[in-house]
Amino acid sequence: MSKKIFSGVQPSGNLHLGNYLGAIKNFVELQNEKNTECVYCIVDLHAITVKQDPKELRRNIRETLAAFIASGLNENKSIIFNQSSVPAHSECAWILSCIARMGWLNRMTQFKEKAGKDKEKASVGLYAYPVLMAADILLYDTTHVPVGDDQKQHLELCRDIAQRFNNDFEAPNFLKVPEPLIQKHFSRIMSLKDGEKKMSKSDESDLSRINLTDDKDKIINKIKKAKTDTMPMPKKDENFKNRPEALNLLEIYSSLSNQSLEKSCDEFAGKNFSFFKEKLSYLIVEKIEPISKEIKRLLNEEKHLDKILLEGGEKANEFASTKVKEMKKIIGF
Ligand code: TYM
C-alpha cells in the first residue's frame, strides 16, 4: 500500500539539531522510500500565533526552505510549500474548529507550556493551533505524520477530530485517520544546558542548542560547554535516570552515526567526557557544517527559493482545494 506523508515545521528561526534529528532527517528518508508521496509544509500560519516581525518572518520562511533543501529534500520528489499560500488550510481549520471540543483543547500541554502563567494574554490562535495542525494533515489524506515526540498529543487530537467529523456527518473514511511516525529512539533531543528540558528554538540561551546555521567553531564551543556530570562515561546497562545530560549527548551521537545507544555506550564506557566530547563535536561538524554552509549559499538565491515555494504551493493547492470543496458539500454549504 502506498504511503502519504505530511509534516510541517514552523519558520520561527533557530532551526536546531532537535528539529533535524526528530523530524527533517526522517523527512529525507521517507522522500526516498518507494510508493511514498511526501508533502512538507513551512507552517507560517502557525508561526504568527506568537508575535513575529514581518521582515524576519519572510527571512525565516526562506531559511526554513533552505534548511529543507540543504538537508536533502528535493522539490522534484516532494511537494514543498508554505502554508499561507494554500487558502484551504485556513478554511478547513475553521470548519474543524467547529468539530473540536473545548475540553479536548484544554488538555493540550503544549498550550499550557507556551502560554505560561499569563494565559489570558495568549492569542486565540495559540489556543486553536492544534486544530489548524489537524487541518494541515487531514487535507492531504495523509496516512503517516513524521514528527518529534513533542507533537504526539497534537496528533492524537487530529485523529479524534477526523473520527468525530466522519461520525457527525456520516461520511465514513472521508477524513483519513493518520498514524504518527515517531521514532522509537532519539525523538526528543534535550537542551545542552539541561538534560531535562527539550532543545528548543525559543530557549534564551543559544548555548542550549546546535543551530543548523552554526559553523564549526560554534559547534565545538557549544559541545565543550555542554553540561555533563562528574562521573566517567556510562556503560550500556547503567541506569541513566540521574544522568540525563550524558544520555542526551550519547543519543545525539548515536542518532547522527545511525547506531544504537548500546553500541555508542560500548564505544565510550569508562572514558572521560572530554574524550567523548571531542568525538561528538567532530561528528556534529561532519554532519551539520555542510548543511549550514548550504543554507547560507541558498539564502543568496532568493528567486530560486521563492520559485520552489510558488510551484509547491500550486501543487498543494490542487489537492487541498478539492478536499475542502468536498468537505463543504458534506457539511451542506
Ligand atoms: P516545530 O516547528 O516546533 O518543530 C518541527 C519538528 O521538529 C520536532 N522537534 C524535535 N524533535 C526532537 N527533539 C526536539 N528537541 C525537537 N524540537 C522540535 C517537532 O516534533 C516537529 O516534528 N506543530 C508543529 C508544526 C506543524 C505540523 C503540522 C507537524 C504544523 N502542522 C502538521 C506535523 C503535521 C511544530 O510546531 O513543530
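Select M108, Q110, F111, K114, L126, Y129, P130 and H154: these residues line the largest cavity. A cavity here is a set of points, on a 1 Å grid over the protein atoms alone, where a 1.4 Å probe fits but cannot get out, and a lining residue has an atom within 4 Å of a point. Rolling a probe the size of a water molecule over the atoms shows where empty space is left.

The model is predicted: local features need pLDDT of at least 70, side-chain atom pairs count only at pLDDT 80 or more, and totals for chains, interfaces and linings use all residues. Residues are numbered from 1 along each chain as its sequence is written, and side-chain values use heavy atoms, with hydrogens and water left out.

**The largest cavity**

Its space comes to about 70 Å³, a volume being the space filled by probe spheres set on the points, which are joined across faces, edges and corners. Next, colour α6 (109-115) and α7, which each supply at least two residues of this lining. Helices are DSSP runs of H or I with at least four residues, strands are runs of E with at least two, and both are numbered from the N terminus. The lining divides into 5 nonpolar, 2 polar and 1 charged residues. Ala, Val, Leu, Ile, Met, Phe, Trp, Tyr, Cys and Pro count as nonpolar, Asp, Glu, Lys and Arg as charged, and the others, Gly among them, as polar.

**The second largest cavity**

Now select N14, L15, E63, A67, L212, T213 and I295, the lining of the second largest cavity. This cavity has a volume of about 30 Å³, and its lining has 4 nonpolar, 2 polar and 1 charged residues. The count of cavities of 30 Å³ or more is 2.

**The ligand**

Move to the ligand, which sits in the largest pocket. A pocket is an open set of points with protein on both sides within 12 Å along at least five of seven lines, and a molecule sits in one if more than half of its atoms lie within 2 Å of its grid points. Show β1 (3-9), α1 (17-31) and α7 (124-138), the elements that give two or more residues to the shell around the ligand.

Which residues are closest to the ligand? They are Y129, D136, G148, D150 and I189, among 27 that surround it, each with a heavy atom within 4 Å. By class, the shell has 11 nonpolar, 11 polar and 5 charged residues.

- Y129: a polar side-chain atom lies 2.5 Å from a ligand oxygen atom.
- D136: a polar side-chain atom lies 2.7 Å from a ligand nitrogen atom.
- D150: a side-chain N or O atom is 2.4 Å from a ligand oxygen atom.

Note on methods
A polar contact is a pair of N or O atoms within 3.5 Å; within protein, one must be able to donate a hydrogen and the other to accept it, and residues adjacent in sequence count only if both atoms are side-chain atoms.
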